[in-house]
Structures are given as C-alpha cells and as structure tokens.
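Welcome! Please take a moment with the sequence and the 3D view below, and then we will go through them topic by topic.

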Amino acid sequence: MALSDWLAFLLVSLFVTFTPGPAVLLAVSNSIGVGPARAMISSLGNAVGLLLVSTAATAGLGVVLQTSATAFLVLKLLGAGYLVYLGIRQWRSGGAMFAEPSSTQARAGTPAWRLFGNGLTVALTNPKAILFFTALFPQFMKAGAGAAQQFAVLTVTFAGCAVFAHAVYVLLARSVKGRLAAPHRARWLNRAFGGSFVLLGLSLLGLRSKAA
C-alpha cells in the first residue's frame, strides 16, 4: 500500500472515530464513572470488536447483510436492544457515577471483564460498522496486491484511531468531572447519557439494508 493511500485512510479514520457515536459515548460515560484508565479497558474491548468486525467483513458478512434482509434485521435488533439497555441503566443510575469512591470501593467496582465486554458488544452489534468496513476498505486497496495484508493494515490503523479518539474524549470528560459532581448536575447528565444511548439504539432501527 502506498504511503499516500495510507495517509488518506488515516485521515478518514480519524474523522470517523472522532465523530460521536455509541463507542465514544460509552468511553465518555465510563471515564466519568470509573476513571480514565479503567475507561480505556472498554475502548480496548471496542478495538478488539472492530478487528472482529473487519474480519467478518473480509469473510463476506458485509455482503450477507446487504443481501439478506433477515440477517440484517437480526443484527440491527440486537444492536438497538443493547444500546437501549445501556441507556436505561445509565438513566436509572442517578448521581452515583460521580461519587468519589474510596480505594476499597474502586477495587470492588465494575469488573474489567465487564468494561471490556461492553466495548466489545457495542462494536459487534453495530451493523453500521460492518457495512462501513465493506464499503470503505475497497476504496483504499490495490488490485493485485496481497488482500489479507492490506486488510490487516487498514483494520489495525482504524482500531488504533478509535483507541486514540477514545483516549482524547476520556481525558476531556475526566477534566470536567469536578464541575459535574453536584447531585442535580449528575442526575441530568446521567439522563442525557442514557437518553443518547436510547436514541442511538432507536436510530439503528431506521437503518436499512440494500435487501430491505
């Protein structure tokens, strides 16, 4: 792959990953709730999910989703349902996520595997991600070159951009946490996060496959 092609893909990837979506919203929410370091566990889970989604797109799942209305509908409902679940849980959490935990409470907080799993699930249940990879990758690939190697470079680049974008959002969210610690502000911000998750989930229901 030519360096100019890779740099063009890097710019596109940075633009896409810095655009707020389910994964960014999850990273910001986790940053305020469990701290920047532990929030990045979820972002790493999301990156692994992107690697798996890219592999699935390479294997032809993207084509299946574009041609099979049933397969697309199933994945769409799973993704929407999970985001709505996250939104309801966030809405009902009150101001607890802004409380400063003691060291004991911090160790007994959300397990790392759950944070990782949340990020992974958000990536795997988003049909937009699979369709995105299916549509975008061919634009930056050269015919006659090793397809597997090119997919690997593009996938790792995109996943790296996602982790970088999440780190920026996580640090920004953490820096303003002190201004949000008041119970009434915490309650309304939790509702804003929760409502955003629900709206993102419902937006997936409006996504149409080419087979629909």
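Which residues do ring pairs link into a cluster? They are Phe-18, Phe-164 and Tyr-169. This is a predicted model, in which local features need pLDDT of at least 70 and side-chain atom pairs count only at pLDDT 80 or more, while totals for chains, interfaces and linings use all residues. Residues are numbered from 1 along each chain as its sequence is written, and side-chain values use heavy atoms, leaving out hydrogens and water.

**Aromatic rings**

- A pair of aromatic rings is described by the distance of the centres and the angle of the planes.
- Rings of Phe, Tyr and Trp (its six-membered ring) pair if their centres lie within 6.5 Å; planes under 30 degrees apart count as stacked, over 60 as edge-to-face and the rest as tilted.
- By this rule there are 2 aromatic pairs.
- Phe-18 and Phe-164 have ring centres 5.9 Å apart and planes at 75°, so this pair is edge-to-face.
- Phe-18 belongs to helix H1 (residues 3-18) and Phe-164 to helix H9 (residues 147-175), so their pair ties together parts that are 146 residues apart in sequence. Helices here are DSSP runs (H or I, at least four residues), numbered from the N terminus.
- Phe-18 and Tyr-169 have ring centres 6.1 Å apart and planes at 40°, so this pair is tilted.
- This pair also links distant parts of the chain, with Phe-18 in helix H1 and Tyr-169 in helix H9, 151 residues apart.

**Nonpolar cores**

- A nonpolar core is a set of buried Ala, Val, Leu, Ile, Met, Phe, Trp, Tyr and Cys residues joined through side-chain atoms within 4.5 Å. Buried means under 20% relative accessible area, exposed over 50%, and partly exposed in between (1.4 Å probe, protein chains only).
- The largest nonpolar core has 14 residues, and Phe-9, Phe-133 and Phe-137 touch the most other members.
- Helix H3 (36-58), helix H8 (127-136) and H9 each supply at least two residues of this core.
- Another core, of 7 residues, lies apart from it, and its members include Val-24, Tyr-169, Ala-173 and Phe-193.

- Phe-18 is partly exposed, with a relative accessible area of 27%.
- Phe-164 is partly exposed too, with a relative accessible area of 47%.
- Leu-73 sits in helix H5, and Leu-73 is partly exposed, with a relative accessible area of 42%.
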